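Work through the exercises below with the model in view. Try each task before you read its solution.

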Amino acid sequence: PPRSTLFPYTTLFRSVAYSAEGKYARAAEEFWAASLAAPKRTLPLANLSTQYLQMGNLDNALAFAGKSLALAPNDTGALAMATVLRCQGKFDQALSFSLKAVALNADYPDNWLDLGDCYSRIRERQAQARDAYSRAVSLLEQIVQTNPTDGPTWMSLAFAQAKTEQFDKSLKALTTAENNFAGDLDSQLLKVRTLELLGKRDEAFATASACLARGATPFQFQFMPDIEDLRKVLKSKGLLSSL
């Protein structure tokens with residue numbers, strides 16, 4: 001078939017690699033190219049939304065999440081929309097999209113982690129937040145049982161276990177993640193939250209500092225849950241002075 005009808009997997013892989021390295025602008029360029037090459041595909045637009053969000057451009061993030069969902073219902077687009085709305089403080093609206101993401105793909109652990117984050121920001125929904133994180137734990141445990149060298153999944157498991165107060169298991173999962181190539185920036189940002197939940201402030205600060213040096217944006221830390229006290233420390237050290 002003509003090249004334009006083929007899904008641009010090579011471009012997509014490059015964009016994911018750029019994002020993992022904190023090169024969000026380059027990743028956005030690649031996702032944009034992928035969306036032009038496959039204009040009826042929802043995934044490039046949803047991922048483009050995520051890249052703009054990492055850079056703090058909420059308007060573009062919201063627009064591209066909406067375009068992805070306009071093409072067809074999809075959990076990646078719904079997840080992107082929920083995250084943008086949460087950053088805007090629109091927690092009830094964010095929850096509706098997070099629930100939609102779970103309904104569209106209940107087997108994807110990140111959808112349950114996001115649902116937990118949404119419930120956590122709404123008063124009197126803490127029990128539901130824990131249930132969502134617990135569901136994520138179950139799904140993530142199944143994945144690492146099948147693929148015990150999947151470092152990023154181990155990191156997600158460590159985080160979910162910390163959110164459900166399984167602190168000993170969380171610490172072990174975090175160590176396993178670090179020993180299995182969980183050095184991508186997304187995993188390390190999640191490690192910051194996990195370490196803070198585990199009460200390891202010095203390690204959380206060191207990891208956050210390393211993430212910022214690698215290309216993580218101040219915006220990402222501005223809206224990151226679970227790190228309210230750490231955020232104050234980062235600001236006092238001048239690492240988030242641009243916020």
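Rings of Phe, Tyr and Trp (its six-membered ring) pair if their centres lie within 6.5 Å; planes under 30 degrees apart count as stacked, over 60 as edge-to-face and the rest as tilted. By this rule the count comes to 4 aromatic pairs. The model is predicted: local features need pLDDT of at least 70, side-chain atom pairs count only at pLDDT 80 or more, and totals for chains, interfaces and linings use all residues. Residues are numbered from 1 along each chain as its sequence is written, and side-chain values use heavy atoms, with hydrogens and water left out.

**Exercise 1.** Describe the pair formed by Trp 32 and Phe 64.

Solution. Start with the geometry. Trp 32 lies in helix 2 (residues 24-37) and Phe 64 in helix 4 (residues 58-71), so the pair ties together parts that are 32 residues apart in sequence. Helices here are DSSP runs of H or I with at least four residues, strands are runs of E with at least two, and both are numbered from the N terminus. Now check exposure. Buried means under 20% relative accessible area, exposed over 50%, partly exposed in between (1.4 Å probe, protein chains only). Trp 32 has 41% and counts as partly exposed. Phe 64 has 9% and is buried.

**Exercise 2.** Which residues does Thr 164 touch, not counting residues up to four places away in sequence?

Solution. First, locate Thr 164: the loop between helix 9 (151-163) and helix 10 (167-178). Its relative accessibility is 2%, so Thr 164 counts as buried. With contact meaning heavy atoms within 4.5 Å, Thr 164 touches Arg 130, Tyr 133, Ser 134 and Val 137. Then look at polar contacts: pairs of N or O atoms within 3.5 Å, where within protein one must be able to donate a hydrogen and the other to accept it, and residues adjacent in sequence count only if both atoms are side-chain atoms. The side chain of Thr 164 reaches the backbone oxygen of Gln 161 at 3.1 Å. A polar contact of 2.8 Å joins the side chains of Thr 164 and Gln 166.
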